[in-house]
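Trainee: I have a new structure open and would like to learn how to read its features. Could you walk me through them?

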Amino acid sequence: MRVRTHFDVVVVGAGIVGLAHAYHALQQGMTVAVVDHADAVAGASVQNFGHACISAQSGDALTYAQAGRRHWLDLSQKAGFWSAETGTHCLARHDDEFAVLQQFVDLHGPERARLLDRSETLDRLPVSGDGVVGGMYMPDDLQVDPRTAAPSIARWLEMSGVHFHWRTAATSFEPGVVHTTRGRLAADTVFVTVNHDIDRLFPDYAEDGGLVRCRLHMMRAELPLKFALSTPLFTGWSLLRYSGFADLPGAPLLAERLRAEFPDYVELDLHQMYTPQPDGSILIGDIHFRDITAPPFQSEAGFEVLLRETRAIFGVDRIDVTERWQGLYSSAPGSEFLLATPTPGVHIVTVTTGIGMTTSMGLAETNIARILEDPDSRALAQVASAQVPVTVADPTLRASGTRR
Ligand SMILES: Cc1cc2nc3c(=O)[nH]c(=O)nc-3n(C[C@H](O)[C@H](O)[C@H](O)COP(=O)(O)OP(=O)(O)OC[C@H]3O[C@@H](n4cnc5c(N)ncnc54)[C@H](O)[C@@H]3O)c2cc1C
């Protein structure tokens with residue numbers, strides 16, 4: 001690959017964040033290339049639950065999630081992958097969990113969430129009745145098939161004129177130029193959407209943002225349920241995880257009780273959730289470990305917790321696990337996005353918590369609109385040679401920091 005072709009936009013990283021930027025750039029009539037060091041979409045964007053968890057977000061994440069909803073549905077039609085407007089149920093198995101649900105419904109009203117009493121909850125969800133106090137239904141949330149959604153979008157983009165350079169790693173950037181393992185690409189605007197690997201291209205930005213790799217235990221299983229689970233299922237643990245629940249007055253009390261009652265689960269950073277898949281199986285997750293470099297080893301103790309809690313919540317004895325895997329996403333303390341422009345026209349876009357499927361479509365739409373409105377944010381290819389290249393992965397740069 002030589003600098004034969006100039007693109008309006010080059011995207012580095014063919015996960016959902018990069019593909020969403022490629023999609024919106026294409027929609028605006030721009031010429032687009034995507035570079036990925038793998039030969040297929042294989043990162044976090046296929047390792048996840050496929051849950052566009054719109055209602056539980058707040059702030060920018062909520063804005064992006066709500067804006068992205070229609071794009072997921074449009075792309076599902078265009079690119080031909082499974083999606084469903086299922087909404088999400090949340091189960092309360094303690095009064096303090098139900099109190100948080102009540103506060104959420106009081107704050108946002110019935111359009112965003114509906115409170116369910118015990119009997120409505122048991123009519124809707126194939127769970128054991130043990131300890132069930134009630135539940136909540138959030139109608140706006142979506143599901144997509146996590147295995148096929150992003151790969152189908154990549155295929156559709158390629159058929160629609162986006163140039164894909166697979167097995168090609170970006171190595172460094174200067175205004176208007178992306179250096180890759182197969183040569184240079186010229187671009188007005190570059191989006192670097194490489195998820196946690198941003199610490200390999202721009203280590204200072206990752207380090208300053210406290211970015212680490214978050215490893216998740218995940219399973220796919222067949223369960224002999226009373227009737228099919230028809231939506232993603234959240235539990236009390238979910239109420240501690242999403243920003244939309246964080247400021248509710250009951251959240252600290254719930255956190256305190258869970259810490260006292262389940263210290264081992266808190267240590268594992270358990271988030272007990274389930275998403276039903278189009279083939280009838282259920283994705284089960286998850287527990288979290290945070291490291292700068294992700295060890296490959298997964299503790300069986302973590303899987304045992306997930307299995308034990310799955311038996312308890314659904315009242316089943318048998319769980320036929322068909323797959324286990326370790327998912328990896330970026331995590332940073334106290335922030336959901338790492339957005340930066342390290343050199344003119346080169347934009348880092350990293351989602352720094354587990355909401356990239358939910359937020360990427362709206363985030364990318366905003367970013368493409370911004371570069372169209374503000375041409376100064378573009379670096380023109382013809383001035384590139386006059387610029388000092390930005391060196392990345394320079395061994396003289398400061399060593400990686402302490403673990404967070
Ligand atoms: C187990 C799990 C469950 C999750 N569940 C959900 C969920 O239900 N809902 C939700 O909203 N979010 C969820 N998430 C989060 C979501 O999956 C991520 O936020 C999102 O997929 C991140 O997308 P991405 O494009 O940034 O990263 P990725 O999909 O990881 O893509 C990054 C790409 O960059 C490429 N790359 C890296 N370095 C280079 C380089 N130098 N040159 C070229 N290419 C490079 C990689 O090959 C990769 O293809 C979950 C994540 C995990 C792991």
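Trainee: How much area is buried between domain 1 and domain 2?

Mentor: Keep in mind that this is a predicted model. About 1,400 Å² is buried between domain 1 and domain 2, and carbon and sulfur atoms give 50% of that area. In terms of residues, 17 from domain 1 are in contact with 21 from domain 2.

Trainee: Which parts of the chain make up the two domains?

Mentor: A domain may be pieced together from separate segments, as you can see here. Domain 1 takes in 6–49, 147–209 and 335–386, while domain 2 takes in 88–139 and 212–331. The C-alpha centres of the two domains lie 32 Å apart.

Trainee: How many salt bridges and polar contacts are there between domain 1 and domain 2?

Mentor: For a salt bridge, look for a side-chain nitrogen of Lys or Arg within 4 Å of a carboxyl oxygen of Asp or Glu. Between domain 1 and domain 2 the count is three salt bridges. There are also ten residue pairs in polar contact, with both residues at pLDDT 80 or more. On the side of domain 1 that touches domain 2, the elements giving two or more residues are helix H2 (44–47), helix H7 (198–201) and strand E19 (346–351). By class, that side of domain 1 has four nonpolar, eight polar and five charged residues.

Trainee: Which residues form salt bridges with Asp 197, and is Asp 197 buried or exposed?

Mentor: Asp 197 pairs with Arg 213, their closest N and O atoms being 2.9 Å apart. Arg 200 also forms a salt bridge with Asp 197, here with the closest N and O atoms 3.4 Å apart. To judge burial, use the cut-offs: under 20% relative accessible area is buried, over 50% is exposed, and partly exposed lies in between. Asp 197 counts as buried because its relative accessibility is 17%. Arg 200 is partly exposed, since its relative accessible area is 47%.

Trainee: What is the salt-bridge partner of Arg 220?

Mentor: Arg 220 forms a salt bridge with Asp 279, the closest N and O atoms being 3.4 Å apart. Arg 220 counts as buried because its relative accessibility is 10%, whereas Asp 279 is exposed, with a relative accessible area of 52%.

Trainee: Which residues are linked in a network of salt bridges?

Mentor: Look at Asp 96, Glu 97, Arg 257 and Glu 261, which are linked in such a network. The overall count comes to 16 salt bridges.

Trainee: Let's finish with one residue. Where is Ser 128, and is Ser 128 buried or exposed?

Mentor: Start with its place in the chain, then look at its surroundings. Ser 128 is in the loop between helix H5 (118–124) and strand E7 (134–138). Ser 128 is buried because its relative accessible area is 12%. A polar atom of the Ser 128 side chain lies 3.1 Å from the backbone nitrogen of Asp 130. Leaving aside neighbours within four places in sequence, Ser 128 is in contact with Leu 122, Lys 226, Ala 312, Ile 313, Phe 314 and Gly 315.

Key:
Residues numbered from 1 in each chain as written. Predicted model: local features only at pLDDT ≥ 70, side-chain atom pairs only at ≥ 80, totals over all residues. Heavy atoms only, no water. Helix = DSSP H or I, 4+ residues; strand = E, 2+ residues; numbered from the N terminus. Buried < 20%, exposed > 50% of the residue type's maximum accessible area, 1.4 Å probe, protein only. Polar contact = N/O pair within 3.5 Å; in protein donor to acceptor, adjacent residues only side chain to side chain. Contact = heavy atoms within 4.5 Å. Domains from an automatic or database assignment. Buried area = accessible area lost by both parts, 1.4 Å probe. Nonpolar A, V, L, I, M, F, W, Y, C, P; charged D, E, K, R; others polar.
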